Amino acid sequence: MNHRLFTACAAASFLFVLGGCGESDGNSTAAAPSARDDYAKAADALIAKTGSPGAKAEMPAANDPTVQAFEAQAGKAMTALGTDAMPIDGFDSFKAVCGKAAAIVGAYAAAGTSGTAGPAQQQKMEANIGAYMDQMFTPLLFAAHCNAAHMPYLDGEAESAAPDKKAAIGQVRQGMFGQILGMVQMASDPTFPLERRKRILDMIEKDAPNFALGLGPAERTQVIGALGQLRASLPADLQPKADTIGKAIQEAKCGAICKSA
């Protein structure tokens, strides 16, 4: 299986997360810090061009200024998320920040799939990955990072949350498992550009303890197994990263989400 199928599976997981928690209306905070505001403006402009997932067949090109503006703001947000410039404030920031990136990923992945289902839809999504990977990669990576950044909050809420929020957290957890597994498998594909494989590894290495909060014991075992395949596919100088990620996932505490998986 190639990285297109892996990415299609990961993209489907992003849609699942988005469906579980809903899209933000973009007004979750009365006075959003500038980093979030700048990111939101760039994301909203791109979403206006891509439409909601499945709504349009034609997507903006990689050299579209709106795509490039989002790339720049998402790159800044990778560093700013979780700081005072772009704070985590529970479901509000999850919807407003993660949800926008997920909507962009979903729109590219689902382009032209309206009215399709089953194998035909899967094949079209795989074709979209090949056509739109340059545009998809940054929002794909950022959405996974954003979901991981919210895991400590979600784990803290999981035990005492009301039933509707527990259900939403459960959907996020299931979707995130697909995301992390898909990203590991993408990074395992030697035909995928090495620079992008390194970016995936750097993100997962940083976020591994948070990702692990959303994984049950069996899922951790599955991800660690995939990391073994990843290690074997990497150049020697990058193999220690796979070891570090596996150790972080194995040793992470099993909190409320993990125990309920």
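Trainee: Which residues of α6 meet residues in α8?

Mentor: On the α6 side they are Arg173, Phe177, Ile180, Leu181, Val184 and Ala187. Their partners in α8 are Glu219, Gln222, Val223, Ala226, Leu227, Leu230 and Ser233. Contact means heavy atoms within 4.5 Å. This is a predicted model, in which local features need pLDDT of at least 70 and side-chain atom pairs count only at pLDDT 80 or more, while totals for chains, interfaces and linings use all residues. Residues are numbered from 1 along each chain as its sequence is written, and side-chain values use heavy atoms, leaving out hydrogens and water.

Trainee: What makes α6 and α8 roughly parallel to each other?

Mentor: The angle. α6 and α8, the latter spanning residues 217-233, pack at about 15 degrees with their axes 8 Å apart. Axes are lines fitted to C-alpha atoms, for helices over the stretch in contact, with angles from 0 to 180 degrees between N-to-C directions. Under 35 degrees counts as roughly parallel, over 145 as roughly antiparallel, 65 to 115 as roughly perpendicular and the rest as oblique. The pair α6 and α8 is therefore roughly parallel. By class, their contact has nine nonpolar, two polar and two charged residues. Ala, Val, Leu, Ile, Met, Phe, Trp, Tyr, Cys and Pro are nonpolar, Asp, Glu, Lys and Arg charged, and the others, Gly among them, polar.

Trainee: What is the handedness of the crossing of α6 and α8?

Mentor: The crossing of α6 and α8 is left-handed: the near helix is turned anticlockwise from the far one by less than a right angle (clockwise would be right-handed).

Trainee: At what angle do the axes of α4 and α5 cross?

Mentor: The axes of α4 and α5 cross at roughly 165 degrees and come within 7 Å. That makes α4 roughly antiparallel to α5. The contact of α4 with α5 has 20 nonpolar, five polar and no charged residues, and the crossing is left-handed.

Trainee: How many helices and strands does the chain have?

Mentor: The chain has ten helices and zero strands. Helices (H or I, at least four residues) and strands (E, at least two) are DSSP runs, numbered from the N terminus.

Trainee: How do you know that the span of helix α2 agrees with its number of residues?

Mentor: The expected span is 1.5 Å times one less than the number of residues. For the 17 residues of α2 (residues 34-50) that gives 24 Å, and the end C-alpha atoms are 24 Å apart, so the two agree. Just after α2, glycine 51 takes a positive phi of about 75 degrees.

Trainee: Which residues in α2 are buried?

Mentor: Arg36, Tyr39, Ala40, Ala42, Ala43, Leu46, Ile47 and Thr50. Buried means under 20% relative accessible area, exposed over 50%, partly exposed in between (1.4 Å probe, protein chains only). The buried residues of α2 pack against α3 (65-80), α4 (91-109) and α5 (118-158). Over the chain, 51% of the 261 residues count as buried.

Trainee: Why does valine 97 count as buried?

Mentor: Valine 97 has 1% relative accessibility, so it counts as buried. Valine 97 is found in helix α4. Residues up to four places away in sequence aside, valine 97 touches Arg36, Tyr39, Leu81, Met86, Phe142 and Cys146. The C-alpha atoms of valine 97 and cysteine 146 are separated by 7.4 Å, though the two are 49 residues apart along the chain.

Trainee: Why does serine 188 count as buried?

Mentor: Its relative accessibility is 16%, so serine 188 counts as buried. Serine 188 lies in the loop between α6 (163-187) and α7 (194-213). Leaving aside neighbours within four places in sequence, serine 188 is in contact with Arg197, Ala226, Gln229, Leu230 and Ser233.

Trainee: What makes isoleucine 204 buried?

Mentor: Its relative accessible area is 1%. Isoleucine 204 is found in helix α7. Not counting residues up to four places away in sequence, isoleucine 204 touches Ile180, Met183, Val184, Phe211 and Ile245.

Trainee: How do you know that glycine 246 is buried?

Mentor: Glycine 246 has a relative accessible area of 10%, so it is buried. Glycine 246 lies in helix α9 (residues 239-251). Glycine 246 touches Ile224 and Leu227, not counting residues up to four places away in sequence.
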